[in-house]
Amino acid sequence: MLKNKKICIIGIVLLLLLAVGCGSSQLPAGTKVIVKVKDGMAAGEIAKLLEEKKLISNSSYFRTQLKLRGLDNALQAGEYEFTAGMSDKEIMDKMAVGDVRYVSFTIPEGFNVKQIAELMEQKQLASKKEFLDLAKNYTPYDYMKTDDPLVEYKCEGFLFPSTYKVSPGARADAVLALLAKEFDKQLTLEMRKAIVDKKLSIRDFVTLASLVEKEAAVEKDRPLIARAFLTRLDIAMPLQSCATIQYILGYAKPELTIADTQLPSPYNTYLHYGLPPGPIANPGLLSMQAVINPAAESYLYFVVQKDGSHIFSKTYQEHLAAIQRASQ
(Lines give C-alpha, C1' and ligand atoms only; values in the text may rest on other atoms or scores of the structure.)
Protein backbone atom coordinates (compact mmCIF):
# COMPACT_ATOMS: atom_id res chain seq x y z
CA MET A 1 0.00 0.00 0.00
CA LEU A 2 2.84 2.39 0.96
CA LYS A 3 4.68 1.54 -2.22
CA ASN A 4 1.63 2.38 -4.30
CA LYS A 5 1.28 5.73 -2.51
CA LYS A 6 4.91 6.62 -3.31
CA ILE A 7 4.43 5.78 -6.98
CA CYS A 8 1.26 7.85 -7.01
CA ILE A 9 2.99 10.86 -5.39
CA ILE A 10 5.94 10.66 -7.81
CA GLY A 11 3.54 10.44 -10.72
CA ILE A 12 1.60 13.49 -9.52
CA VAL A 13 4.82 15.52 -9.07
CA LEU A 14 6.00 14.62 -12.56
CA LEU A 15 2.65 15.49 -14.07
CA LEU A 16 2.61 18.83 -12.27
CA LEU A 17 6.12 19.61 -13.52
CA LEU A 18 5.10 18.58 -17.02
CA ALA A 19 1.96 20.68 -16.91
CA VAL A 20 3.85 23.75 -15.74
CA GLY A 21 6.63 23.28 -18.29
CA CYS A 22 8.54 26.23 -16.89
CA GLY A 23 11.18 27.90 -19.06
CA SER A 24 14.61 26.88 -17.89
CA SER A 25 16.85 28.85 -20.23
CA GLN A 26 20.01 30.35 -18.78
CA LEU A 27 20.04 33.10 -21.40
CA PRO A 28 18.59 36.62 -21.22
CA ALA A 29 14.87 36.52 -22.02
CA GLY A 30 14.14 37.15 -25.69
CA THR A 31 17.52 35.94 -26.96
CA LYS A 32 17.20 34.18 -30.33
CA VAL A 33 18.99 30.86 -30.61
CA ILE A 34 19.44 28.78 -33.77
CA VAL A 35 19.55 25.00 -33.34
CA LYS A 36 20.29 22.59 -36.18
CA VAL A 37 18.93 19.08 -35.65
CA LYS A 38 20.48 16.62 -38.08
CA ASP A 39 18.72 13.63 -39.61
CA GLY A 40 18.99 10.56 -37.40
CA MET A 41 19.72 12.39 -34.14
CA ALA A 42 18.32 10.53 -31.12
CA ALA A 43 16.19 12.26 -28.49
CA GLY A 44 19.06 12.13 -26.00
CA GLU A 45 21.41 13.85 -28.46
CA ILE A 46 18.84 16.56 -29.15
CA ALA A 47 18.31 17.12 -25.43
CA LYS A 48 22.08 17.45 -24.92
CA LEU A 49 22.28 19.93 -27.81
CA LEU A 50 19.51 22.06 -26.30
CA GLU A 51 21.32 21.99 -22.96
CA GLU A 52 24.60 23.06 -24.61
CA LYS A 53 22.72 25.94 -26.26
CA LYS A 54 21.45 26.87 -22.75
CA LEU A 55 17.82 26.64 -23.83
CA ILE A 56 17.13 23.98 -21.18
CA SER A 57 18.90 23.40 -17.88
CA ASN A 58 18.57 19.63 -17.56
CA SER A 59 18.72 17.30 -20.55
CA SER A 60 17.76 14.23 -18.48
CA TYR A 61 14.59 15.91 -17.25
CA PHE A 62 13.81 17.07 -20.81
CA ARG A 63 14.22 13.48 -22.02
CA THR A 64 11.89 12.23 -19.25
CA GLN A 65 9.24 14.71 -20.31
CA LEU A 66 9.55 13.51 -23.90
CA LYS A 67 8.92 9.91 -22.81
CA LEU A 68 5.94 10.85 -20.66
CA ARG A 69 4.38 12.73 -23.55
CA GLY A 70 5.11 9.98 -26.07
CA LEU A 71 7.39 12.26 -28.09
CA ASP A 72 10.64 10.37 -27.61
CA ASN A 73 10.84 9.55 -31.32
CA ALA A 74 8.76 12.43 -32.67
CA LEU A 75 11.27 15.30 -32.83
CA GLN A 76 11.94 16.28 -36.43
CA ALA A 77 15.19 17.26 -38.09
CA GLY A 78 15.71 20.78 -39.38
CA GLU A 79 16.93 24.23 -38.40
CA TYR A 80 14.95 25.82 -35.57
CA GLU A 81 14.84 29.31 -34.10
CA PHE A 82 14.04 29.35 -30.37
CA THR A 83 13.57 32.26 -28.02
CA ALA A 84 15.17 32.12 -24.59
CA GLY A 85 12.46 31.77 -21.97
CA MET A 86 10.43 29.20 -23.89
CA SER A 87 9.22 26.33 -21.70
CA ASP A 88 10.38 22.78 -22.28
CA LYS A 89 6.89 21.97 -23.49
CA GLU A 90 6.94 24.80 -26.05
CA ILE A 91 10.30 23.62 -27.34
CA MET A 92 9.06 20.03 -27.63
CA ASP A 93 5.85 21.04 -29.40
CA LYS A 94 7.76 23.15 -31.91
CA MET A 95 10.09 20.28 -32.76
CA ALA A 96 7.37 17.64 -32.79
CA VAL A 97 5.44 19.42 -35.56
CA GLY A 98 8.61 20.36 -37.45
CA ASP A 99 8.09 24.12 -37.11
CA VAL A 100 11.50 24.79 -38.62
CA ARG A 101 13.10 28.09 -39.50
CA TYR A 102 12.67 29.06 -43.14
CA VAL A 103 13.66 31.62 -45.73
CA SER A 104 10.81 33.14 -47.70
CA PHE A 105 11.34 34.44 -51.23
CA THR A 106 9.07 35.60 -54.04
CA ILE A 107 9.75 35.05 -57.74
CA PRO A 108 7.84 37.69 -59.71
CA GLU A 109 6.10 36.80 -62.96
CA GLY A 110 8.47 37.30 -65.87
CA PHE A 111 11.72 36.64 -64.00
CA ASN A 112 14.20 34.66 -66.07
CA VAL A 113 16.62 32.02 -64.80
CA LYS A 114 19.46 34.50 -64.34
CA GLN A 115 17.28 36.79 -62.22
CA ILE A 116 16.18 33.85 -60.09
CA ALA A 117 19.82 32.87 -59.62
CA GLU A 118 20.64 36.40 -58.44
CA LEU A 119 17.73 36.24 -55.99
CA MET A 120 18.99 32.91 -54.59
CA GLU A 121 22.38 34.48 -53.98
CA GLN A 122 20.80 37.50 -52.27
CA LYS A 123 18.86 35.15 -50.01
CA GLN A 124 22.09 33.23 -49.32
CA LEU A 125 20.51 29.98 -50.49
CA ALA A 126 22.91 29.24 -53.34
CA SER A 127 25.59 31.00 -55.32
CA LYS A 128 24.49 32.42 -58.66
CA LYS A 129 27.04 30.25 -60.45
CA GLU A 130 25.91 27.05 -58.73
CA PHE A 131 22.27 27.73 -59.59
CA LEU A 132 23.00 28.56 -63.24
CA ASP A 133 25.28 25.55 -63.70
CA LEU A 134 22.46 23.25 -62.55
CA ALA A 135 19.82 25.13 -64.55
CA LYS A 136 21.59 24.48 -67.86
CA ASN A 137 20.40 20.88 -68.10
CA TYR A 138 17.74 20.67 -65.40
CA THR A 139 14.78 18.81 -66.97
CA PRO A 140 12.92 16.64 -64.42
CA TYR A 141 9.83 16.48 -66.65
CA ASP A 142 9.83 15.23 -70.24
CA TYR A 143 8.12 18.35 -71.61
CA MET A 144 11.09 20.44 -70.48
CA LYS A 145 13.61 18.49 -72.55
CA THR A 146 15.12 19.88 -75.72
CA ASP A 147 18.10 19.01 -77.89
CA ASP A 148 18.35 22.54 -79.24
CA PRO A 149 21.91 23.75 -78.47
CA LEU A 150 20.69 27.35 -78.76
CA VAL A 151 18.76 27.01 -75.47
CA GLU A 152 21.13 28.04 -72.69
CA TYR A 153 18.94 27.02 -69.74
CA LYS A 154 16.61 24.14 -70.45
CA CYS A 155 14.45 24.89 -67.41
CA GLU A 156 13.84 28.49 -68.52
CA GLY A 157 10.09 29.08 -68.47
CA PHE A 158 9.31 26.09 -66.26
CA LEU A 159 10.11 27.60 -62.84
CA PHE A 160 6.77 28.84 -61.57
CA PRO A 161 6.62 32.43 -60.21
CA SER A 162 5.24 32.38 -56.66
CA THR A 163 6.19 32.83 -53.00
CA TYR A 164 8.12 29.94 -51.47
CA LYS A 165 9.46 28.91 -48.09
CA VAL A 166 12.60 26.80 -47.78
CA SER A 167 14.98 25.93 -44.99
CA PRO A 168 18.07 28.18 -44.80
CA GLY A 169 20.26 25.26 -45.78
CA ALA A 170 18.31 24.44 -48.94
CA ARG A 171 20.57 23.64 -51.88
CA ALA A 172 20.22 24.89 -55.43
CA ASP A 173 18.95 21.53 -56.68
CA ALA A 174 16.24 21.48 -54.00
CA VAL A 175 15.08 24.99 -54.96
CA LEU A 176 14.98 24.08 -58.65
CA ALA A 177 12.97 20.96 -57.83
CA LEU A 178 10.49 23.01 -55.77
CA LEU A 179 9.93 25.57 -58.53
CA ALA A 180 9.62 22.98 -61.31
CA LYS A 181 7.23 20.87 -59.22
CA GLU A 182 4.98 23.89 -58.66
CA PHE A 183 4.92 24.57 -62.40
CA ASP A 184 3.92 20.97 -63.06
CA LYS A 185 1.15 21.32 -60.49
CA GLN A 186 -0.15 24.55 -62.08
CA LEU A 187 -0.16 22.90 -65.52
CA THR A 188 -3.47 21.13 -64.95
CA LEU A 189 -4.90 18.29 -67.05
CA GLU A 190 -7.42 20.73 -68.54
CA MET A 191 -4.60 23.06 -69.60
CA ARG A 192 -2.61 20.19 -71.09
CA LYS A 193 -5.63 19.12 -73.13
CA ALA A 194 -6.18 22.69 -74.35
CA ILE A 195 -2.52 22.89 -75.40
CA VAL A 196 -2.89 19.70 -77.45
CA ASP A 197 -6.09 21.07 -79.01
CA LYS A 198 -4.13 24.11 -80.17
CA LYS A 199 -1.57 21.78 -81.76
CA LEU A 200 1.21 23.16 -79.58
CA SER A 201 3.86 21.33 -77.60
CA ILE A 202 4.09 22.28 -73.94
CA ARG A 203 7.50 23.84 -74.61
CA ASP A 204 6.12 25.99 -77.45
CA PHE A 205 3.11 26.90 -75.32
CA VAL A 206 5.38 28.10 -72.50
CA THR A 207 7.58 29.97 -74.97
CA LEU A 208 4.53 31.83 -76.29
CA ALA A 209 3.27 32.50 -72.74
CA SER A 210 6.67 33.93 -71.83
CA LEU A 211 6.41 36.43 -74.71
CA VAL A 212 2.95 37.48 -73.50
CA GLU A 213 4.29 37.81 -69.95
CA LYS A 214 7.11 40.12 -70.96
CA GLU A 215 5.03 42.21 -73.35
CA ALA A 216 1.96 42.74 -71.13
CA ALA A 217 1.97 45.08 -68.14
CA VAL A 218 -1.82 45.36 -67.91
CA GLU A 219 -3.94 42.27 -67.28
CA LYS A 220 -6.61 43.07 -69.88
CA ASP A 221 -3.93 43.25 -72.61
CA ARG A 222 -2.73 39.66 -72.18
CA PRO A 223 -5.48 37.87 -74.19
CA LEU A 224 -5.19 40.50 -76.96
CA ILE A 225 -1.41 40.13 -77.19
CA ALA A 226 -1.74 36.34 -77.16
CA ARG A 227 -4.24 36.54 -80.04
CA ALA A 228 -1.96 38.87 -82.01
CA PHE A 229 0.97 36.47 -81.67
CA LEU A 230 -1.16 33.44 -82.58
CA THR A 231 -2.46 35.27 -85.65
CA ARG A 232 1.05 36.22 -86.74
CA LEU A 233 2.11 32.59 -86.40
CA ASP A 234 -0.89 31.48 -88.49
CA ILE A 235 -0.06 33.85 -91.36
CA ALA A 236 3.72 33.29 -91.17
CA MET A 237 4.40 36.87 -90.10
CA PRO A 238 7.42 37.56 -87.87
CA LEU A 239 6.38 37.93 -84.22
CA GLN A 240 8.52 41.08 -83.88
CA SER A 241 8.47 40.92 -80.09
CA CYS A 242 10.50 43.63 -78.40
CA ALA A 243 10.77 41.34 -75.39
CA THR A 244 12.95 38.93 -77.36
CA ILE A 245 15.37 41.75 -78.17
CA GLN A 246 15.57 42.68 -74.49
CA TYR A 247 16.27 39.03 -73.72
CA ILE A 248 19.19 39.12 -76.16
CA LEU A 249 20.47 42.37 -74.64
CA GLY A 250 20.17 40.94 -71.12
CA TYR A 251 18.24 43.89 -69.71
CA ALA A 252 14.99 45.81 -70.23
CA LYS A 253 15.97 48.67 -72.51
CA PRO A 254 13.23 51.35 -72.36
CA GLU A 255 13.42 52.18 -76.07
CA LEU A 256 14.79 49.89 -78.75
CA THR A 257 16.57 51.18 -81.83
CA ILE A 258 16.41 49.79 -85.36
CA ALA A 259 19.96 48.54 -84.80
CA ASP A 260 18.73 46.55 -81.78
CA THR A 261 16.16 44.77 -83.94
CA GLN A 262 18.96 43.63 -86.25
CA LEU A 263 21.00 41.88 -83.57
CA PRO A 264 22.17 38.49 -84.88
CA SER A 265 20.50 35.94 -82.60
CA PRO A 266 18.10 33.02 -83.07
CA TYR A 267 15.97 34.71 -80.38
CA ASN A 268 15.53 37.79 -82.59
CA THR A 269 11.89 37.54 -83.69
CA TYR A 270 12.35 40.50 -86.01
CA LEU A 271 14.81 38.53 -88.13
CA HIS A 272 13.44 35.01 -87.70
CA TYR A 273 9.96 33.64 -88.30
CA GLY A 274 8.10 31.60 -85.73
CA LEU A 275 8.81 31.16 -82.04
CA PRO A 276 12.29 31.65 -80.56
CA PRO A 277 14.23 28.50 -79.55
CA GLY A 278 12.73 28.54 -76.06
CA PRO A 279 11.01 30.63 -73.38
CA ILE A 280 12.54 34.00 -72.56
CA ALA A 281 11.15 34.14 -69.00
CA ASN A 282 9.03 32.25 -66.51
CA PRO A 283 5.38 33.15 -67.18
CA GLY A 284 2.69 33.40 -64.54
CA LEU A 285 -0.70 31.73 -64.65
CA LEU A 286 -2.49 34.71 -66.25
CA SER A 287 -0.19 34.71 -69.27
CA MET A 288 -0.53 30.95 -69.62
CA GLN A 289 -4.30 31.24 -69.51
CA ALA A 290 -4.20 34.06 -72.06
CA VAL A 291 -2.56 31.74 -74.58
CA ILE A 292 -5.18 29.06 -73.91
CA ASN A 293 -8.06 31.57 -74.04
CA PRO A 294 -6.92 34.42 -76.32
CA ALA A 295 -9.20 37.31 -77.19
CA ALA A 296 -11.82 36.58 -79.83
CA GLU A 297 -11.13 39.79 -81.75
CA SER A 298 -7.90 39.69 -83.66
CA TYR A 299 -5.54 42.66 -83.81
CA LEU A 300 -2.32 42.24 -85.73
CA TYR A 301 -0.35 45.12 -84.21
CA PHE A 302 0.11 46.69 -80.79
CA VAL A 303 2.22 49.47 -79.33
CA VAL A 304 2.87 50.24 -75.69
CA GLN A 305 1.83 53.55 -74.13
CA LYS A 306 3.53 55.43 -71.31
CA ASP A 307 1.23 53.90 -68.70
CA GLY A 308 2.16 50.37 -69.78
CA SER A 309 -1.10 49.62 -71.59
CA HIS A 310 -1.22 48.97 -75.34
CA ILE A 311 -3.01 50.39 -78.36
CA PHE A 312 -4.11 47.60 -80.69
CA SER A 313 -4.54 47.95 -84.45
CA LYS A 314 -5.76 45.74 -87.30
CA THR A 315 -3.87 47.41 -90.15
CA TYR A 316 -0.36 48.77 -90.54
CA GLN A 317 -1.71 52.25 -91.28
CA GLU A 318 -3.66 52.21 -88.00
CA HIS A 319 -0.52 50.97 -86.26
CA LEU A 320 1.54 53.91 -87.54
CA ALA A 321 -1.10 56.32 -86.20
CA ALA A 322 -1.08 54.47 -82.87
CA ILE A 323 2.69 54.85 -82.62
CA GLN A 324 2.27 58.60 -82.97
CA ARG A 325 -0.42 58.65 -80.27
CA ALA A 326 1.67 56.52 -77.89
CA SER A 327 4.69 58.81 -78.22
CA GLN A 328 2.74 61.95 -77.24
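View 1. The model is predicted: local features need pLDDT of at least 70 and side-chain atom pairs count only at pLDDT 80 or more, whereas totals for chains, interfaces and linings use all residues. Residues are numbered from 1 along each chain as its sequence is written, and side-chain values use heavy atoms, with hydrogens and water left out. Look for Cys-242, Tyr-270, Phe-302, Val-303 and Val-304, which are the closest to the pocket centre among its 33 lining residues. H9, helix H11 (242-249), strand E5 (301-304) and helix H13 (316-327) each supply at least two lining residues, and H13 gives the largest share, with five. Helices (H or I, at least four residues) and strands (E, at least two) are DSSP runs, numbered from the N terminus. A pocket, on a 1 Å grid over the protein atoms alone, is an open set of points where a 1.4 Å probe fits, with protein on both sides within 12 Å along at least five of seven lines; lining residues have an atom within 4 Å of a point. Grid points are joined across faces, edges and corners, and a volume is the space filled by probe spheres set on the points.

**View 2. The second largest pocket has a volume of about 480 Å³.** Its lining has 24 residues, and Asn-112, Gln-246, Tyr-247, Gly-250 and Tyr-251 are the closest to the centre. Helix H5 (113-122) and H11 are the elements that give two or more residues to this lining; the largest share, four residues, is from H5. By class, 13 lining residues are nonpolar, five polar and six charged.

**View 3. Helices H5 and H6 (residues 128-135) pack at an angle of about 145 degrees, their axes 8 Å apart.** Axes are lines fitted to C-alpha atoms, for helices over the stretch in contact, and angles run from 0 to 180 degrees between N-to-C directions. The crossing is right-handed, meaning that the near helix is turned clockwise from the far one by less than a right angle. From H5, Val-113, Lys-114, Ile-116, Ala-117, Glu-118, Met-120 and Glu-121 meet Lys-128, Phe-131, Leu-132 and Ala-135 of H6, where contact means heavy atoms within 4.5 Å. Seven of these residues are nonpolar, four are charged and none is polar.

**View 4. Helices H9 (residues 202-215) and H12 (residues 285-292) cross at roughly 115 degrees, with axes that come within 8 Å.** This crossing is right-handed too. Phe-205, Leu-208, Ala-209, Val-212 and Glu-213 of H9 touch Ser-287, Met-288, Ala-290, Val-291 and Ile-292 of H12. Eight of the contact residues are nonpolar, one is polar and one is charged.

Note on methods: Ala, Val, Leu, Ile, Met, Phe, Trp, Tyr, Cys and Pro count as nonpolar, Asp, Glu, Lys and Arg as charged, and the others, Gly among them, as polar.
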